[in-house]
Amino acid sequence: MTAYAPPTPARRSPVRLDTDPYLSRYADRVTGLAASEIRALFSVAERPEIVSFAGGMPDLSVMDLDAVADLTASIIRDQGTVALQYGGGQGRPQMREALVDLMAYAGVPATADELVVTVGGQQALELIAKCFIDPGDVVIAEGPTYVGAVAAMNSHQADVRHVPMDGDGMRMDLLEDTLAQLAREGRRAKYVYTIPNHQNPGGVSLSEARRVRLAELAVEHDLLVIEDDAYGLLGFDGEVATSLRTLIPDRVVYLGTMSKTFSPGVRSGWIAAPTPVREKLVLLREAADLCPSNLTQLMIERWLTTQPWQEQIKRYRALYQHKATLMLDALASEMPAEVDWTRPRGGFFVWLTVPTGIDTSALLAKAIGRRVAYVPGRGFYDDGNGGDQLRLCFSFPPTDRIREGVSRLAELLHDELGLLRSVYGDDAPELAGRRGGGAGA
């Protein structure tokens, strides 16, 4: 019988540039860039016969599109010369005031002067990386973490150190180990990046005790914390957790976005930062694109000051809770016993772990052939890990297709496990069964 040998994780390879006539002209930070695994999926996953759990998109079916159309028309009619003009690099004061109210609803303190408006949360991540990272600098992030954050860190040649999670979010004992290792190396992390609420892609949230401990470690080790709160208002129970900004305001740079609670199409996010950092970020964003769109800022201002936006958020919560329940029930009834997954209490995502002998990147083509799509786990790490993991998004697929998609994926995994058993028999250690192991990510 063939001895079982799990695959060795490998770092993601950049796109081959050896035939590129401009290769000698690129900056070092460009030659190592690789295409996002999520972006590469979109063209295939949008085919109607495929149930796509890939892109992390909101379901806009519960948006009041008539209200959005009316307020947009009124903006052009009443303030068209402002809406279609250049604006300031920090963002409109009126929009920043409205965002302060939104943050207050999430239990996050801020003043309008601390905010910088960005083109979505992704530009915020890129500006922060540009502000703080020199080539080779250490950044600490959850493992797995948001693929866009990995891209921003990679674009500035960071040395990303991942800290594993469990059902209560980033493990503080392992963060302490990482900090101790850095001290032995004579190095210090530029910042710790975390998505504490309904994490992308893990679907878990940082416990209250761990939030307090992270704040303590930030003080003890003189750490800056980047708190990415894209999903904080999308807890199914409507509760909001204590923000890290509340605990250590001078050590936290806070990121927000309208993409999950209003619409990604308006491409609007923001950063709340201590004054010295805010001033640098304004200069960097002015160098990048001069100013955010006045039109989309005015849309958000009107939305947050004239519309029942809290009710819209409640509709999103109810819809996503229903979809998450459908997915979790389907996983429980369809998946092999050797597969485990997280149990989200908010947000968009479920994170699956499969037996080590199955490579989710290599399996994706077969999944597309079975008319179901997901995102392989390696895209959410910078160190080659995640080969036995994958992300499922429950927020976007139609309600009546979630079980269908899970069934297709489960059938494929059953078949792959059968192939493993036929080759390795009982020598494959991961085949002993792992379900019921909790919500570990």
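Student: By class, which residues make up the lining of the second largest pocket?
Tutor: This is a predicted model, where local features need pLDDT of at least 70, side-chain atom pairs need 80 or more, and totals for chains, interfaces and linings use all residues. Numbering starts from 1 along each chain as its sequence is written, and side-chain values use heavy atoms, without hydrogens or water. A pocket is an open set of 1 Å grid points with protein on both sides within 12 Å along at least five of seven lines, and lining residues have an atom within 4 Å of a point. The lining here has 7 nonpolar (Ala, Val, Leu, Ile, Met, Phe, Trp, Tyr, Cys, Pro), 8 polar and 6 charged (Asp, Glu, Lys, Arg) residues.

Student: Which element gives the most to the lining of the largest cavity?
Tutor: Of its 13 lining residues, Asp229, Leu233, Tyr254, Thr257 and Trp270 lie nearest the centre. Helix H4 (93-105) and strand E8 (252-257) each give two or more residues (DSSP runs of at least four for helices, at least two for strands). The most, 3 residues, come from E8.

Student: How much space lies in the second largest cavity?
Tutor: Among the residues lining it are Asn197, Glu227 and Ala241. The lining splits into 5 nonpolar, 3 polar and 2 charged residues. The space comes to about 50 Å³.

Note on methods: 1 Å grid on protein atoms, 1.4 Å probe; cavity = no way out; pocket = protein on both sides within 12 Å on 5 of 7 lines; lining within 4 Å. Points joined across faces, edges and corners; volume = space filled by probe spheres on them.
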